[in-house]
Amino acid sequence: MLKILVIGATSAIAHETARLFAADGAELFIVGRNPDKLKIVQDDLKVRGAQRVETYTTDLAALDQHQALIDAALASLGSLDAVLIAHGTLGDQGQAQASVEETLQQLNTNFLSVVSLLTPLANYFEQQKRGCIAVISSVAGDRGRQSNYVYGTAKAGVTTFMQGLRNRLSKVGVTVLTVKPGFVDTPMTADAPKNPLFAKPHQVGKAIYKGMKQGQDVIYVPWFWWPIMKLIIHIPEFIFKKMGL
Amino acid sequence: MNSATITKRYQSWGRYPKPEHRAVEKLYWRGQDFDFGRLDTTILPFGYGRSYGDSCLNNDGVLLDVTELRQLIAFDAEQGILRCEAGLSFAEILDFIVPRGWFLPATPGTKFVSVGGAIANDVHGKGHHIDGTFGCHITQFELLRSSGERLICSPTENVELFRATIGGLGLTGVILWAEFKLKPVLSPLIDQERIKFRNLDEFFEIAADSKTTEYTVGWIDCLSQGDSFGRGIFTRGNHYDPPLGAEPDVEAKPMVSMPIDLPSGLINTFTVKAFNEVYYHAQLPKMVRAVVPFDPFFYPLDVINNWNRGYGKRGFFQYQCVVPYEDSIEPISEIIRRIGASGQGSPLVVIKTFGDRPSPGMLSFPRPGVTLALDFANRGQITLDLFEELDAVVRANGGAIYPAKDARMSFETFEASFPQWREFEPFIDPKFSSSFWRRIMDKC
Ligand SMILES: Cc1cc2nc3c(=O)[nH]c(=O)nc-3n(C[C@H](O)[C@H](O)[C@H](O)COP(=O)(O)OP(=O)(O)OC[C@H]3O[C@@H](n4cnc5c(N)ncnc54)[C@H](O)[C@@H]3O)c2cc1C
Ligand SMILES: NC(=O)c1ccc[n+]([C@@H]2O[C@H](COP(=O)([O-])OP(=O)(O)OC[C@H]3O[C@@H](n4cnc5c(N)ncnc54)[C@H](OP(=O)(O)O)[C@@H]3O)[C@@H](O)[C@H]2O)c1
């Protein structure tokens, strides 16, 4: 059965993906910072059929703890077939503009931590010559906008890093999946006014599950974000800069 | 959440009355510390809004959306005991339990209800005459009170709060998770029979003959008068027990075209014609037997998303009453006759006999007798007047009106239906209230 490491497993989206792997009988190693929530996710995944679910608590912003977490996952599962990285914070753009510390912290959680995790993990999968690396990036990384460009920058970094990784690892048969959700109705967007473009976490979770199983490269979820982002990317800068996005 | 989202998303199924909620809060996980203290108004849990009237609304107050609480907690595959969070829908539960050989112990006519909502209204289904209400199968649940207390309630622990919360209309606190006993089934199919009856006497005869059939329900054509008064179709079924080695031939025995099963006044003239032509007169012999999937058998209306919008902006009512049945069918005939004569209401009335299995719920609606349910477009005062007339018959015969379907009953009718409400009242959480409760009690 598949052995999967889920980092940021208490994320509403990641949990939905993990549920589908659990129903297949997977063995899961789930990582988060809140032990109570992790326990809830663990119970749910077990009931849904996971052969085994181990939890690991760590603050993912602490980069120096990452190697320990990867070692623990490998020691526990023996090997890895896939990793899904899902943690993230939306951050407050206003606060970031007012404070360098805040900006750096957002970049740390949403970008550097992913790089820090993927560097050893990529080497592991490269050596193993098979497996799947999936990371939740965002459509927000496709173009910088005044309303959330710090978050967007981090996600753009993730997307670019993943592109490079895919280019490198495709040679040895490791698949690298970049997930770009649009708006999703999760705790992260609890305070945002909802509009019809909002997707449900289970839709996104399912798309990720399929993308991982089928070895896809990049997915926009729901799919309509692909044309929307294509359009947005192609608006000339001299017009775009005048828009209030 | 902005107010446009709130108005659109947080309505009741009948879309009447139209509430204005100050805010909608969400519970994201069952361990969450929710600060009730900061609210300067009352709060009410909200599931999937499948209640028709105002019992799931809290006008000018706050709603607490609990539908993110959707985790499974434990499943005992030997005993068939499931523990899960209260926002999980019956649809999601069926997806999980049916392939494992289990079924819900009681289910309403839609599977888009939450476990919490099913407890708060102590819902019943086609199996009530044998299995009782959903509340009869609850082994325990956890209740979050506005004081921050978390209480395990069961038939042996916090017993009074357990009884108050089952059928407690969401007023006693938030149910975070519940544990209940499932029913073992041998297949996801139903061995179904449809039988024509010519009048109410025949309905009662068939119902009496069907006491050991797991599920029973009838449709009555309330527009036929004279000789054909009280005629209808009786549907009954058991979980199909597949003969060893044989695959059931479901396709070969299709049921009578399913979309016509619509009991509500979706399109009134359409349904009545369909009933007359397809069900009653034409093809259908006295009895038709078929093996059918459980979905169309239990949830015929769920195939049409948001069918409630068919009634337009003014919304609609469902009228559901129960009348004790002691070998007199007079009150039931009377109600059906009055509805037929009024020219209002959907032409098809759902009719079902309730059994005598007692529920632990203090304010539980089902009681031994006969229940009738049907939809009415909202035509304003004339509709409300008709309901008052019907209520009088219900009251005079010791019956009750179902709060889950109600948007208008008077205090007098509520008191006649639920004299035990005074015993219930002390268990209401001081921070909790609903449009329904205030409407009734303001006239007290
Ligand atoms: C097509 C259709 C058919 C139906 N058929 C039947 C039927 O056959 N039998 C029957 O009994 N009913 C039937 N109903 C009614 C329905 O089963 C009930 O109204 C049910 O309670 C709706 O569940 P919900 O999750 O949508 O709850 P809501 O309607 O959102 O809320 C119902 C009540 O539950 C409370 N509540 C919700 N969650 C919680 C919680 N976690 N903790 C505490 N309180 C909570 C609310 O405050 C409210 O008082 C039907 C409804 C429809 C639309
Ligand atoms: N929701 C959207 O609209 C949307 C759109 C595009 C992309 N995304 C991306 O999707 C991913 C999942 O988010 P979601 O929508 O599922 O929201 P979510 O449910 O709020 O999940 C975010 C998760 O990240 C965890 N996390 C944040 N910082 C952490 C840290 N320092 N250490 C450990 N865990 C940390 C959170 O843990 P706690 O639960 O303990 O706080 C939470 O479980 C994120 O990468 C997000 O950027 C979301």
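I start in the loop between H1 and E1 of chain B, where B:Arg15 has its place. Helices (H or I, at least four residues) and strands (E, at least two) are DSSP runs, numbered from the N terminus. B:Arg15 is not a glycine, yet its phi is positive, about 55 degrees. At 14% relative accessibility B:Arg15 counts as buried; buried means under 20% relative accessible area, exposed over 50%, and partly exposed in between, with a 1.4 Å probe and protein chains only.

A word on the source: this is a predicted model, in which local features need pLDDT of at least 70 and side-chain atom pairs count only at pLDDT 80 or more, while totals for chains, interfaces and linings use all residues. Residues are numbered from 1 along each chain as its sequence is written, chains are lettered from A and ligands numbered from 1 in the order in which they are written, and side-chain values use heavy atoms, with hydrogens and water left out.

A:Pro222 sits in the loop between strand E7 (218-221) and H8 of chain A. Most residues other than glycine have a negative phi, and most peptide bonds are trans. B:Leu169 is not a glycine either and has a positive phi of about 60 degrees. Its loop runs between helix H5 (159-165) and strand E9 (174-181) of chain B, and at 7% relative accessibility B:Leu169 counts as buried.

Next, the sheets. Two strands pair if DSSP finds at least two bridges between them. Chain B has an open sheet of three strands, in the order E1-E3-E2, with parallel pairing. Strand E1 (23-26) and strand E2 (43-46) of chain B are at the edges with a single partner strand each, so one side of each has no neighbour in the sheet. E1(B) pairs with strand E3 (residues 62-65) of chain B over four bridges, in the parallel sense; B:Ala23 stands opposite B:Val62 in E3(B).

Another open sheet in chain B has eight strands, ordered E14-E11-E13-E12-E16-E17-E15-E18, and its pairing is antiparallel. Its edge strands, E14 (287-293) and E18 (400-401), each pair on one side only. E15(B) and strand E17 (residues 369-377) of chain B share eight bridges, and B:Phe317 has B:Phe376 in E17(B) as its bridge partner.

Last, the rings. Rings of Phe, Tyr and Trp (its six-membered ring) pair if their centres lie within 6.5 Å; planes under 30 degrees apart count as stacked, over 60 as edge-to-face and the rest as tilted. By this rule there are 40 aromatic pairs over all chains. A:Phe183 and A:Trp225 have ring centres 5.3 Å apart and planes at 85 degrees, so that pair is edge-to-face. A:Phe183 lies in the loop between strand E6 (174-181) and helix H7 (201-214) of chain A, and A:Trp225 in helix H8 (residues 225-234) of chain A, so the pair ties together parts 42 residues apart in sequence. A:Phe183 is partly exposed, at 35%, whereas A:Trp225 is buried, at 5%.
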